[in-house]
Amino acid sequence: MTILVRPVQGADADRVAELLGQLGYPADGAAVASRLDYWGDEPSAAVFVAVSDDVVVGVAAVHVSPLLEVDGHYARVVALVVDADARRGGIGRALMAAVEAYASAFRCSFVEVTSGRRPEREPAHRFYRDLGFEDLNDIAFRFRKPLPQ
């Protein structure tokens, strides 16, 4: 299988919406198209898709942020999903290589990714470990507070 990783295009919105649904975040193509518009306005963010046989089979979104506590920047993977029927074929690795190249262009000190502590996410956790990511759950906490809309 030949895999091409490229920046997302507006025409990819419907397929990206399907993939996000597989990740547990259902959306329609119009909503994703709107999101891709504002992602396109972010100078330190990128969305990549993996294409095989002219079909989008994976998506990764990354955002670079400056650090204050030390010099430099870091990159955060905010979404990564490979089509369930195409997993274990190198697509996730190709997308993460694109993410790491993007982060390197910003001279990021590290790349981070978060993943829910649910049993169905364990294959993703193994994938990240296999790529050299360190599990920091024992030494770091993640807090979130919703804001009124």
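This report covers the sheet, the nonpolar cores and the salt bridges of a predicted model.

**Sheet**

Five strands make up an open sheet, ordered β1-β2-β3-β4-β5, with mixed pairing. The edges belong to β1 (4-7) and β5 (108-113). Each of these has a single partner strand, so one side of each is left without a neighbour in the sheet. On average, neighbouring strands are turned by 25° against each other, direction ignored.

Strands of a sheet pair through backbone hydrogen bonds, either parallel or antiparallel. Both senses can be found here. β1 and β2 run antiparallel, with 4 bridges. Arg-6 has Val-49 in β2 as its bridge partner. The pairing of β2 with β3 is also antiparallel and spans 8 bridges. There, Phe-48 is bridged to Ala-60 of β3. These two strands form a hairpin with 2 residues between them. In its turn, Asp-53 has a positive phi of about 50°. β4 (residues 73-82) and β5 pair in the parallel sense over 5 bridges. Arg-76 meets its bridge partner, Glu-112, in β5.

**Cover and cores**

Helix α1 (residues 13-23) lies across β2 (45-52), β3 (55-66) and β4. Its angle to β3 is about 80°.

How much of β2 is buried? The count is 8 of its 8 residues. Both of its faces are covered. Ala-45, Val-47, Val-49 and Val-51 are buried on one side. Ala-46, Phe-48, Ala-50 and Ser-52 are buried on the other.

In soluble globular proteins, nonpolar side chains tend to be buried together. In this model, the largest nonpolar core has 22 residues. Among those with the most contacts inside it are Phe-48, Val-62, Leu-80 and Tyr-102. β2, β3, β4 and α3 (91-105) each supply at least two residues of this core. The helix α3 gives the most, with 7 residues.

Val-62 shows how its surroundings come together. Leaving aside neighbours within four places in sequence, Val-62 is in contact with residues including Trp-39, Phe-48, Ala-75, Val-99 and Tyr-102. A second, separate core has 16 residues, including Ala-13, Leu-19, Leu-23 and Ala-79.

**Salt bridges**

Side chains of opposite charge can pair when their charged atoms come close. The whole structure holds 4 salt bridges. The table gives some of them.

| Pair | N to O distance |
|---|---|
| Arg-6 and Asp-12 | 2.8 Å |
| Arg-15 and Asp-83 | 2.5 Å |
| Arg-76 and Glu-112 | 3.1 Å |

Arg-6 and Asp-12 are both buried. The pair of Asp-83 and Arg-15 links distant parts of the chain, 68 residues apart. Asp-83 sits in the loop between β4 and α3, while Arg-15 belongs to helix α1. Are these two residues buried or exposed? Asp-83 is buried, at 9% relative accessible area. Arg-15 also counts as buried, at 16%.

Why does the pair of Arg-76 and Glu-112 tie together parts that are 36 residues apart in sequence? Arg-76 lies in β4 and Glu-112 in β5, so the pair spans both strands. Arg-76 is buried, with a relative accessible area of 18%. Glu-112 is partly exposed, at 28%.

Definitions and conventions. Residues numbered from 1 in each chain as written. Predicted model: local features only at pLDDT ≥ 70, side-chain atom pairs only at ≥ 80, totals over all residues. Heavy atoms only, no water. Pairing = 2+ DSSP bridges. Axes fitted to C-alpha atoms, helices over the stretch in contact; angles between N-to-C directions. Contact = heavy atoms within 4.5 Å. Buried < 20%, exposed > 50% of the residue type's maximum accessible area, 1.4 Å probe, protein only. Core = buried A, V, L, I, M, F, W, Y, C linked by side-chain atoms within 4.5 Å. Salt bridge = Lys/Arg side-chain N within 4 Å of Asp/Glu carboxyl O.
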